[in-house]
Amino acid sequence: MLQVLGQASLDSLVQAAVPPAIRLHDPLDLPEPCSENKTLTQMRNMANANRQSRCFIGQGFHECLTPPVIRRNILENPCWYTQYTPYQAEISQGRLEALLNFQTMVSELTGLPVATASLLDEASAAAEAMQLCFRARPRRSHARRFLISHRCHPQILAVVATRARFLGIEAVVCPLSEFHVDDSVFGALVQCPDTDGLVFDVAPLCDGLHQHGANVVVATDPLACIVYEPPGARQADLAVGTTQRLGMGMGLGGPHAAFMAAKDDLKRLLPGRIVGVAKDSSGRPALRLALQTREQHIRRERATSNICTAQVLPAIVASMYAVYHGPSGLHRIAHRIVAQTRWLQAELVLRGCTALDGPVFDTVKVLASSRGDLEVLWQEAQVQGISLRRYSDGSLGISLNETTESEDLQRLLAVLAPSAAGPKTTAPTPVAPQALLRTAPTLTHPVFSLYRSETEMLRYIVMLQKKDLSLADGMIPLGSCTMKLNATAELEPITWSGFANIHPYEPEHNLQGYLRLTSELAQWLAAITGLPGVSLQPNAGSQGEYAGLLTIRSFFAARGETKRDVCLIPSSAHGTNPASANMAGLQVVVVECDSQGNVDLMDLRAKIASCGHRLAAFMITYPSTHGVFEERILEMNDLVHRAGGRVYVDGANMNAMVGLSSPAKIGGDVCHLNLHKTFCIPHGGGGPGMGPICVTQELTPFLPADPNDMDEAGSGFAVVSTRYGSGAILPISHSYISMMGSAGLKEATQVAILNANYVAKRLEAYYPVLYRGIHGYVAHECIIDLSWLKPIGLTVEDVAKRLMDYGFHAPTVSWPVPFTMMIEPTESEGPRELDRFCKAMIGIWQEIQLSVNGRVAATESLLRQSPFTYENVLGNDWPHPFTRTEAALPAPWLRETKYWPPVSRIDNVWGDRNFACVCPPLASYLPESDPG
């Protein structure tokens with residue numbers, strides 16, 4: 001490969017590709033690399049150092065059981081966890097069906113007709129709902145007040161307060177009895193069951209707010225919606241929550257799939273992704289992401305949300321949990337929890353405790369005990385291996401779950417109230433008012449009742465798996481997405497109980513393993529970036545961008561420079577960049593790029609001069625989004641610093657920097673790292689992601705705060721998630737760095753650059769390569785130009801769909817430049833796979849020539865008709881000017897390992913015109929000959 005590029009070594013290639021002024025001269029300050037076996041031993045020691053109590057803390061996180069058939073065949077299966085975001089829908093039908101099941105489950109449980117395909121976590125979902133209510137105001141409304149019940153979970157209060165503060169929204173946190181509703185209010189947020197465990201009727205509140213044109217958001221629990229009337233039935237406009245307890249361990253706070261459901265007239269304002277039902281070119285039902293014009297990567301600086309990562313893998317687990325248990329199983333689990341909770345509530349009172357009175361679902365709040373001081377009892381419970389919640393007012397909380405057994409209840413009573421106060425020995429069971437109880441059936445769609453044995457369940461999972469293309473099938477060469485190897489040894493620990501079943505708000509003496517892991521990982525990320533301050537809280541790259549910008553804003557606010565509110569962003573930037581800046585309350589000013597794809601320095605100087613003392617940040621991706629190491633990066637960042645601004649480095653392309661350069665070396669003040677890219681956390685079909693931020697020493701005091709340490713109205717510190725974000729997946733990146741060491745990480749970066757340049761060299765005779773550095777080399781990805789297809793009548797999409805017939809996922813399409821493909825092979829791929837991909841692209845070029853030469857019209861070409869399903873190829877009708885073999889087997893390797901797209905090209909326009917986001921009727925699940 002080096003010979004093809006005319007280079008003698010990896011070092012000489014790097015010297016030609018990476019500007020000398022930004023290169024590191026010393027190895028990274030990291031421990032010596034460990035073997036896989038030693039790394040796993042260290043991981044076991046850390047997992048064992050986390051004390052696993054019987055956890056009843058609640059606060060949105062609960063012990064649960066992951067059915068083994070789901071854990072083994074989805075959560076631990078690379079065919080599911082190495083998939084990419086389903087932007088190429090024809091090869092994503094399996095996960096799209098599972099996500100459609102998720103949406104249907106959420107819609108039925110909440111009683112609202114439209115649901116998203118998951119959001120990042122419950123707290124940020126509540127913040128997104130507040131923004132949606134703000135956008136939904138009548139056109140001439142000036143309302144800016146948002147009412148929030150003080151009995152929402154602390155992390156919800158903290159995250160929503162942060163989001164409101166930087167958007168100029170007045171968030172009013174108070175008891176429901178103090179809600180003052182007038183025309184200045186555009187919405188309200190309540191939680192039911194609330195953080196104290198009580199269930200109440202939200203309908204009167206909804207009536208009052210609707211009279212003033214305001215929308216109501218209800219944060220709720222999916223299992224509680226089985227027992228009690230759901231938000232939609234009580235006139236709520238939106239419902240949010242988390243599906244963590246549906247099969248995903250607590251995992252130190254994540255990853256978990258949050259949900260949002262809404263009334264139909266709000267569907268086009270919903271953030272994130274929605275899976276919709278469409279049809280393919282043969283008229284068969286097909287699924288794809290619907291209403292894409294809402295997304296941040298299209299709206300950019302006009303976007304109102306920066307969500308680009310969902311929690312797809314956890315959402316699939318939750319949907320399969322519902323399919324596994326079915327309506328009767330979930331009904332049994334939910335009603336068992338509420339029965340145990342009511343019994344415990346009554347028994348505690350009978351034994352002399354004071355408990356918060358009222359209808360409950362899973363939580364009892366203990367206000368006083370006949371045994372004495374509650375703090376002493378909390379400590380005694382800890383000694384006995386029981387974790388209870390400590391409220392800020394000194395009360396104790398007990399939240400039950402599906403794992404709770406009768407002996408657990410007896411242990412709880414033994415700690416809090418060992419003997420009855422009176423002669424009664426059986427506690428009465430409080431009954432909720434009939435008006436609060438759910439009467440409508442749940443999970444009525446047949447998909448939740450079809451698979452009633454493990455055999456059927458397993459076959460359903462495998463059937464969906466076969467409809468998707470993942471890294472287990474072949475290279476996924478997506479530029480700027482870094483679809484690289486996720487080593488089995490790195491992923492093995494995440495489902496161990498010592499990591500998966502740990503509550504994020506356990507006291508620190510129970511988290512010694514996690515504290516060691518997070519401390520070491522933070523130190524290593526600081527060494528890699530050259531930036532000493534680290535926060536692991538952001539649970540997606542977009543959240544990292546947002547948190548980093550808020551850190552800059554908080555820094556300036558502390559210095560009294562509150563007028564610094566301009567963020568300069570190159571025109572080539574990721575779509576999340578302007579969206580994140582918008583959410584952080586910054587005004588986006590676009591800096592143009594020159595013909596070579598570099599930031600135009602003249603325009604940068606002019607924009608800096610025009611904004612003057614308002615400059616807050618310059619948001620730059622390095623290497624550039626065009627896949628090039630810009631030579632004048634130090635000069636650019638120096639201009640920003642001299643104007644008093646701070647430099648934000650988008651770490652999306654960190655895969656080309658580790659060990660060779662660093663954000664600090666190029667003058668960065670803040671950098672977010674996509675652990676799901678450079679540091680090997682798998683994409684999981686579109687999530688989970690992880691976006692920690694690293695900052696300079698001066699910015700370190702302004703990193704995100706712990707939501708449990710904030711008061712109800714928030715503070716000057718930003719909070720974007722739970723304490724540790726998605727802690728359960730941090731062992732992956734820790735293991736990766738541990739096994740690679742400094743030399744291994746550097747070599748990985750070198751090989752990523754080698755692979756990208758090798759592909760560019762192999763393809764340049766067929767497809768023009770748009771951007772290169774001054775010595776003719778690209779960084780870790782290359783952009784090929786396909787604009788020459790326009791006169792022929794072909795499109796970039798035609799090439800993308802045809803690649804499916806060769807067994808490949810398409811590279812990034814028409815971004816950052818229209819009519820191009822951005823190819824990133826990563827360091828994981830060897831020459832054989834790279835050559836296979838290049839041969840596929842060359843084969844498609846040869847097919848294009850048939851239309852170039854006028855032999856085949858574009859509309860009748862192999863590209864325009866692609867992809868081909870086995871049903872197309874085996875059908876009796878074949879009206880095409882090419883053979884079936886040319887269509888389905890265009891390359892020799894396909895005769896041995898053919899991936900068949902399950903549907904042909906999808907009609908997206910028809911899908912948006914006939915929008916549907918819940919499961920289709922039963923007939924689509926059954927063979928046509930089925931007599932049922």
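A residue is termed buried under 20% relative accessible area, exposed over 50% and partly exposed in between, with a 1.4 Å probe and protein chains only. The model is predicted, so that local features need pLDDT of at least 70 and side-chain atom pairs count only at pLDDT 80 or more, while totals for chains, interfaces and linings use all residues. Residues are numbered from 1 along each chain as its sequence is written, and side-chain values use heavy atoms, with hydrogens and water left out.

Rings of Phe, Tyr and Trp (its six-membered ring) are paired if their centres lie within 6.5 Å; planes under 30 degrees apart are stacked, over 60 edge-to-face and the rest tilted. The count by this rule is 17 aromatic pairs. In the pair of Y84 and Y87, the ring centres are 6.2 Å apart and the planes stand at 65°, so the pair is edge-to-face. Y84 is buried at a relative accessible area of 10%, whereas Y87 is partly exposed at 33%. One aromatic cluster is formed by F134, F146 and F186.

A charge is placed over a ring if NZ of Lys or CZ of Arg is within 6 Å of the ring centre and within 35 degrees of the ring normal. The charged end of K365 sits over the ring of Y391, 4.3 Å from its centre. R390 lies over the face of W378, at 3.5 Å from the ring centre.

Helices (H or I, at least four residues) and strands (E, at least two) are DSSP runs, numbered from the N terminus. The axes of helix 3 (residues 36–49) and helix 18 (residues 512–529) are 5 Å apart, at an angle of about 130°. Helix 3 is therefore oblique to helix 18, the term for angles that are not under 35 degrees (roughly parallel), over 145 (roughly antiparallel) or 65 to 115 (roughly perpendicular). With contact taken as heavy atoms within 4.5 Å, M43, M46 and A49 in helix 3 meet Q512, G513, R516 and L517 in helix 18.

Several loop residues were also examined. S572, between strand 16 (566–570) and helix 20 (576–583), is buried at 9% relative accessible area. Residues up to four places away in sequence aside, S572 touches C593, T625, H626, W815 and P816.

The peptide bond joining C192 and P193 is cis, with omega about 0°, and P193 lies in the loop between strand 5 (185–191) and helix 9 (203–210). A cis bond also runs from Y622 to P623, with omega near -10°.

Terms used
Axes are lines fitted to C-alpha atoms, for helices over the stretch in contact, and angles run from 0 to 180 degrees between N-to-C directions.
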